[in-house]
Amino acid sequence: MSELHVADQQLDLYLAVKELHVLSSKDLGKLISDAENGIAKCVKQDGSYFEIDVEFLARHLVKYIMEHLAPSKVDDEQQHFRSMLSGLRLLHTLCDIACHHSTLARVLVEDTSVQDEMLNLIFRMIDFLSQSGEKISGSSQMVLLYSALLSSSMYLLKALISSEWRDITRVLLAHSKVDKFTTTAFTALRVVINSLQAKLPDQHIDPHMRPNANEVYCLYHLCESSLEFLQSACRQKLFQECIVKNKELCGEGVVLQLVQDTLKLSQCEDPYLTNTVYWLKSKVLSIMLLLCEAESTSFCEMASSTTQSKELVKTTIFEVLQVLKMMFDGDLKDHPRGLLQLNAMRLTEIFSADSRFRTSIILHFTEVLTRVFLQPQREFLSTWCSNDHEPIEEENDMDFDSISAAGLGSPTPYAYQRSSLLVKILANLAYVPDLSEEENLNARFVNGFLECLQAESSKLPGGAAERTAAASRNLSFLLNHAESLTPAYLNAQDVLVLRWFISQLEQPLAAQETDIHRAMLLISTENVKLTNNIGRHSFILGKTGESFGQEVHHSAQCPSPTPPSPSPNADDGNDDEGIPVTMAIVQVDHLACNENGQNHVSKDATDQNTEPINSIQNVEEFRSMESEQRPENKRRRTLMNDQQIHFIEKALLDHPVMKKSDGTLQRWAAELSRHGSKITADQLKNWLSNRKGKLVRAAAKFKVGQHVILIDDKGEEVGKGTIHLVKGVWSGKNLVESSSYVVDVEELKKSAAQSVSCEIRMLWNSSQLVLIQQQLP
């Protein structure tokens, strides 16, 4: 073929792409039908004619587009992108009408070599885009062209192969470069998402004053279509497995970075764009959920295989929790939040069941959960205990899927899914399997929940005690509702753990609820007017001598924890500094509210609570169920051998505060590693924490007369004493049910370096007592 003839053919292809890409399928089909001897006559925009061989166009159009992907210096990047997009659009139209024209069918449908070229074009186009992100910065037109090229390249697979996703993914999986295709597709889509984020600030103005409003709407549409392509492909099991096994995609965080960038998309004032942002976030979370469903390889394990990737998972979880925070706190009734909320809750439930990420969720989500239970009763019931059979919000798919559509007739009610996921998340956080590195996490969540509940309730109208009581009722309502969802939507184990969790909160919540009626006070005996003998009833007097309450039981003497400061008007000869002041610890039955006795609550009234749940029995029942269902590889693991334990126990005698020194931990981790399996400083620190927890729990079992150390909720020593009583009823409390002992306190901490002697008999939580001979490091 002469060079002149080749040049003429190139010109014909150029003209064909330029003039024909704007035609609809109907108009292009008519033009080809009217072709004589396979030569189509086309009218140019200026009114002149040119001719093109239809078979030549179909056979060489792919090569023409491919030539634009060759690395070369381009004077006009925008025109370069526009030419490629015009070629892709014409190729889409030719594929669309190929089955109606024998010439096109012979080339595009029957010629496997042309089909292979088209598939390679798609792979190379997406690879080109993944490497061209820097070319679109600062130009709205380039962003739009880039996004259109990505979406057009992806959906050319449907035009080439089939409308069925199982067929598309089968062809992709058979290709030798499928891993590179998926990696570059996620990378290129991330470029589009970041470009979209850069444009969002421009949308916080009057839409009538925005000259590029339609351009932005188009950009959102293209972004959503590309994201939906990946979502639809990930619904195929084999494609899920392929992606999860891709080290660069999952192990190095490409998927997680796309999820994070999408979740960070800010809100807009434009309602249409706001809804689209919700759809984008819902779809990207759906992709992550689909990957978590992969069976042969765990996405969680692959995504946390290195320290860097594990931190990326944690930051992604944080963004997911931020979405839930917005869902729970915000008024989003006018926006499609159903699927977004459910997808975020599903991911939270999955990661809260994973020991590697449970702590992060406890840290960032406990406060949000407490606000859920602080809602007014009517609002809480309508949201979390609803029996409405409203269907789940329909997915905003751009393509009609007859199989999916047929299944929409009987989906799980949205309200039931939402409630069951809340119960599952609480169950995951509230109870931890008996693995050594996780012992005490459940206590951390329970304590954190109570602290956040107290803090959040104090901010709300109605008073802390009233809102805390409302939270307690809401928890009970959720438990009753959860029982009604078993076994259709919840398993019995999750409900059992929820019941146990509520039982752990029951006593502290009841104590908070009645704080305005009963309290333990340390007051000066000058303000206690006895009405009978010590240990009986007395009046508590204010500074002016008026009675403001009654007390019962414990009265004892001890020095003041802090020396009283001398009054500025006191005589120098009567300096009382350093002289012990007689004090009394009293339990208040009720406080007088006013002279009319309003809000008076008697001791009898406060004791009329429902019988507490037998938490000990339930925990043992749960432990039995959990041990039966736990797979063998999840059983307790031993970090150190006997020799290593011997060395570290001996070292603790000389270094009791080893856990607080990073340098000491590093040295001893290295030393222990010489005598057995490798141990890191973090593992040693966790072992020391677990050892402390075991000693605390063991201390809760020793006997009357034993000398103990009293520790507070933070594990700090606050005093010393002797166990006086471990069973029976004391001060109206059943010691076994309340997990408390009666202790004769003989010494209280005045400061970190000084203690004072005293004689007080009081209740103390049995888990916060440690035998003297078992000092904790």
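1. Ground rules. Because the model is predicted, local features need pLDDT of at least 70 and side-chain atom pairs count only at pLDDT 80 or more, while totals for chains, interfaces and linings use all residues. Numbering starts from 1 along each chain as its sequence is written, and side-chain values use heavy atoms, with hydrogens and water left out.

2. The bend in α18. Take a look at helix α18, residues 358-373, which bends by about 50° at phenylalanine 365. Helices here are DSSP runs (H or I, at least four residues), numbered from the N terminus. The bend is the angle between axes fitted to the seven residues ending at a residue and the seven starting there. Phe365 is among the buried residues of α18, and others include Arg358, Ile361, Leu369 and Phe373. Buried means under 20% relative accessible area, exposed over 50%, and partly exposed in between (1.4 Å probe, protein chains only).

3. Glutamate 367 pairs with arginine 371 in a salt bridge, with the closest N and O atoms 2.9 Å apart. The term needs a side-chain nitrogen of Lys or Arg within 4 Å of a carboxyl oxygen of Asp or Glu. The two residues sit four apart in α18, so about one helical turn separates them. Glutamate 367 is partly exposed, at 35% relative accessible area.

4. The largest core. There are 169 residues in the largest nonpolar core, and Phe299, Phe351, Phe373 and Phe501 touch the most other members. Helix α7 (residues 140-160) gives the most to this core, with 13 residues. Apart from it lies another core of 13 residues, including Trp687 and Leu688. A core is a set of buried Ala, Val, Leu, Ile, Met, Phe, Trp, Tyr and Cys residues joined through side-chain atoms within 4.5 Å.

5. Around Phe351. Leaving aside neighbours within four places in sequence, phenylalanine 351 is in contact (heavy atoms within 4.5 Å) with residues including Met288, Cys292, Phe357, Arg358 and Ile361.

6. Other salt bridges. The whole structure has 17 of them. Aspartate 261 and arginine 190 pair with their closest N and O atoms 2.4 Å apart. Aspartate 261 is buried at 13% relative accessibility, whereas arginine 190 is partly exposed at 28%. Glu55, Arg59, Arg106 and Asp111 are linked in a salt-bridge network.
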